Each structure stands twice: as C-alpha cells, then as structure tokens.
Amino acid sequence: MTDYLYTYACHEDEEDLCAMELRALFGTEAGPGILKSPIGIDPGRSPFIKERIEVLYEGTSVEELAGFAEGLELGDATFKVRALKRNDLPPSEKPSFERLHDIEREIGSRIRGRADVRHPDRAFGVAAFGGRWHFGPYAKSSALWHRHLRKPRAYSIALPTRLARAVANIAVPEPAGVKAIDPCCGIGTVLVEALSMGISIAGRDINPLAVQGARENLAHFGLAGEVALGSIAEIEERYDAAVVDLPYNHVSRISPEERRAIAEHARRIADRAVFLSIEPIDDLLAGAGFEIVDRCLARKGASFARHVLLCR
C-alpha cells in the first residue's frame, strides 16, 4: 500500500478550519505542518496543503535513502530532488538550510539520470516524519484557488475563497459518485471551488441578482454547473451532501422561522450537510433532526467568525 506525506500551513485565524478540513480529507488529526496518510489526493485541492511526497522508499537515515535511490533508472529524463523544510523533528535536530541542500545533493548524486533544478521532467522529495526518512515523487500544490480571488461578480459578505474551498472539501471529501447542492449559493463562491475540484454540485438562490452573478462567475472560469432561481423548499431531488451558508440578513432578509425552514429542508434533501453561520445554531440544527459530527470557528481578525458545522 502506498503512503503519502503532505505538508501544510495556515494563518492562525484558520487553524481550526485547516484541522477540520484535514480530518474530513484524511480521517485523522494532523501534526504540526506535516502528516502521513494512505489516502492520495491532489495537493491543489486544499487551500492549506503545500506539497506531497508519494513514498517510494523510507529508511532510518538519509544515507539509507541514498542507497535506495541508486536503483532509480530515469533514462533520458531529467530530475531534481527537493528536501522539504517541514518535518516533525525536534527543534534541536531540524536540518539547517545548508543541510537540506546537502541532503538534496547526497541523494541526487546517486540517481542515474541528468539533474535539472529549473525544468526537470521528474521531481522527487525527501522528508523526515515519525522517526524515519521518506523519499518519492514530489508534487507541489497548484494553488488554483488563487485565480478565483478575482471574480467578475462579488459582494462583501460572500465567503472568502479559502473558506469556500475548505468547506467544499469538508462536505465532499471523496467526490467520486457524489452529488451535492448549495441551496443558498449567493454569487457562487462555493460552486466555483467545488466544480474546479471535480465535485458535482448544483446551485440555487432566491435572489435573481445573486443567481445571475453566480452564472457569470462560473462562465468566467470556464466551469459548467446548474444555478437555478428558487427556494430550497422547491427542491424535490435528493443529494448526498449540501453546503448551507445561512443568510445574514444583509442581502436576503429572512426571519427565524425561515431559517428553521431552511435547516429542515436541508435535512429533507441531503444525507450530509455543512452549515455556516455567524452565530451558534446548535438548537436550530438539532430541531431539524441533524447531528453535529464536527465543527470549527473560521475567524477573520479578532471581531468576526463563522461557525462551520458538519452534520449528518
């Protein structure tokens, strides 16, 4: 069975959100900045994952890895070796910048191929984790979501792009065969992130201007997805997952009764749901028949936070 090493990083305001997304994707708590898992995902899916090593060899020392690397035959392909800065070594044992370069040279010199640090055909990574050294094909996050920061249609209370991408992953950690919906989609921030990751998701909103904005945003990024005008009460189809960003009474004004109805309809149409709210809604969700199975606070500075709740 293949294992993978991932490195990740986040702002302190997003530590809880990052941890919740990693739990959804890998089913485990992660250590400080690095984790190992048998689950292989594109590192570009997460706004927090930076790099991935697909582990070919592991050993107790860099010298042992270098011995394994002698067995690599790349033919005419060029390569480079990257020693990852993030690891779980104690502070007194963390390699210096110079030592990382030495590790790259030590292993690279044993690989039968032609080194090219600028435009290699193959990239390999090496990192320490769990008392052992690991080596294998290296992939860096494409950070595609950076492009989505510049949408043609936007408004101030829309979800931040990083939060939207993490929420899409929490709602649908395994996209294959899953059908999702965002019934209060606004300008489509979650739709853009989900569709760009291959998640099958439909959008819906009661605000015609928001629906038009969502359609324009999807078209701008070349994404194909349905965005319908209407309320969640009109939905008859059943979905595997839903993302529900409850309206904040800034654009679409709703009463407490309408908020309760949204939660009840979400329970009716979806087996799994992620709710976002600017206030606690535990009683609301319990009344709708949901069980909260994970949660976090996604903060924005000291004065604003969104509750993110994964429910079944």
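Which residues does Leu309 touch, not counting residues up to four places away in sequence? In this predicted model, local features need pLDDT of at least 70 and side-chain atom pairs count only at pLDDT 80 or more, whereas totals for chains, interfaces and linings use all residues. Residues are numbered from 1 along each chain as its sequence is written, and side-chain values use heavy atoms, with hydrogens and water left out.

With that sequence exclusion, Leu309 touches Met20, Ala273, Val274, Phe275, Ile281, Asp282, Leu285, Ile292, Asp294 and Arg295, contact meaning heavy atoms within 4.5 Å. Leu309 is placed in strand 15; strands (E, at least two residues) and helices (H or I, at least four) are DSSP runs numbered from the N terminus. The relative accessibility of Leu309 is 1%, and the residue counts as buried (buried is under 20% relative accessible area, exposed over 50% and partly exposed in between, with a 1.4 Å probe and protein chains only). Between Leu309 and Ile170 the C-alpha to C-alpha distance is 9.6 Å, although 139 residues separate them in sequence.

Ile170 is one of the buried residues of helix 4. Of the 11 residues in this helix (residues 161-171), 11 are buried, so helix 4 is largely enclosed by the rest of the structure. The buried set also includes Arg162, Arg165 and Asn169. Its cover includes helix 1 (15-26), helix 5 (189-196), strand 12 (239-245), strand 13 (270-277), strand 14 (292-300) and strand 15 (304-311).

A search of the whole structure returned 1 cavity of 30 Å³ or more. On a 1 Å grid over the protein atoms alone, a cavity is a set of points where a 1.4 Å probe fits but cannot get out; a pocket is an open set with protein on both sides within 12 Å along at least five of seven lines, and lining residues have an atom within 4 Å of a point. Grid points are joined across faces, edges and corners, and volume is the space filled by probe spheres set on the points. The largest cavity holds about 30 Å³ and is lined by Ala168, Ala171, Val172, Ala180, Ala194, Ile199, Ile201 and Val243. This lining comprises 8 nonpolar, no polar and no charged residues (Ala, Val, Leu, Ile, Met, Phe, Trp, Tyr, Cys and Pro count as nonpolar, Asp, Glu, Lys and Arg as charged, and the others, Gly among them, as polar).

The second largest pocket has a volume of about 330 Å³. Among its 20 lining residues, Glu51, Arg82, Lys85, Tyr138 and Lys140 are the closest to its centre. By class, the lining has 9 nonpolar, 4 polar and 7 charged residues. Helix 3 provides the largest share, 4 residues.

The whole structure contains 6 aromatic pairs, defined for rings of Phe, Tyr and Trp (its six-membered ring) with centres within 6.5 Å; planes under 30 degrees apart count as stacked, over 60 as edge-to-face and the rest as tilted. The ring centres of Tyr57 and Phe68 lie 5.1 Å apart with planes at 25°, so this pair is stacked. Tyr57 belongs to strand 4 (residues 57-59) and Phe68 to helix 2 (residues 62-69), so the pair ties together parts 11 residues apart in sequence. Tyr57 is partly exposed at 21% relative accessible area, as is Phe68 at 32% relative accessibility. Together with Phe124 and Phe135, Tyr57 and Phe68 form one aromatic cluster.
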